[in-house]
Each structure stands twice: as structure tokens, then as C-alpha cells.
Amino acid sequence: MNKVEASMAGTVWKVLVSEGDVVDSGQDVIILESMKMEIPLSAEMDGKVSKIMVNEGDFVAEGDVLLELVGM
């Protein structure tokens, strides 16, 4: 299992995937907004989105787990 974590504190601007989606390593899965900048977060492995822990508009702290991936 692999987790996508917030690289900095900010607001979840856009969730680009849904639970059950298959993603490739390097694919953007969530976009954070912090200090008027958009920060894309990518999957670090090929896998399937098993759980999304945030919704668009949620505030997250650095290191918060945003979603989980399971290997294929």
C-alpha cells in the first residue's frame, strides 16, 4: 500500500481521481492550493485508488494522508 501525503499545508483544490480508479506512477491525483499556488500531487506507484480521505475544499496540514493506493 502507498499513501499520497500533503507536501505542505493548504486547501484541497481538486481531487482528480475516484476510489477504484487505476493510476500510473507520476499521474497527478490531487491538486492543493497554498499561498495562491496550485501544487499537484502525484502517485508514486502504479496502482488502484483504494481510499480517498479528503474532499475538495478541505484544509490539510503537511504530512496528512490524502489517499491510499494498492499495488496491482
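Q: Contact means that heavy atoms lie within 4.5 Å. With that in mind, which residues does I30 touch, not counting residues up to four places away in sequence?
A: This is a predicted model, and in it I30 touches V12, K14, V15, L16, I39, P40, L41, V54, L66 and L67. Each of these counts as a contact because heavy atoms are within the 4.5 Å cut-off.

Q: Why is L67 called buried?
A: Buried means under 20% relative accessible area. L67 comes out at 0%, so it counts as buried.

Q: Where does L67 sit, and what is it in contact with?
A: You'll find L67 in strand β8. Leaving aside its neighbours within four places in sequence, L67 is in contact with N2, K3, V4, V17, V29, I30, K51, I52 and M53. As for M45, 22 residues apart from L67 along the chain, the C-alpha atoms of the two are separated by 13 Å.

Q: What makes a group of residues a nonpolar core, and how many residues has the largest one here?
A: The members have to be buried residues of nonpolar kinds such as Val, Leu and Ile, joined through side-chain atoms within 4.5 Å. The largest such core here has 19 residues, and V29, I30, L32, L66 and L67 are those with the most contacts inside it. Two or more residues come from each of β2, β4 (28–34), β5, β6 (47–52) and β8.

Q: How many bridges join β2 to β7, and why does that make a pair?
A: There are 2 bridges between β2 (residues 10–15) and β7. The rule asks for at least two, so β2 and β7 pair. In one of the bridges, T11 is partnered by F59. These strands belong to an open, antiparallel sheet in the order β5-β4-β2-β7, with β5 (37–42) and β7 (59–60) as its edges.

Terms used:
Residues are numbered from 1 along each chain as its sequence is written. This is a predicted model: local features need pLDDT of at least 70, side-chain atom pairs count only at pLDDT 80 or more; totals for chains, interfaces and linings use all residues. Side-chain values use heavy atoms; hydrogens and water are left out. Helices (H or I, at least four residues) and strands (E, at least two) are DSSP runs, numbered from the N terminus. Buried means under 20% relative accessible area, exposed over 50%, partly exposed in between (1.4 Å probe, protein chains only).
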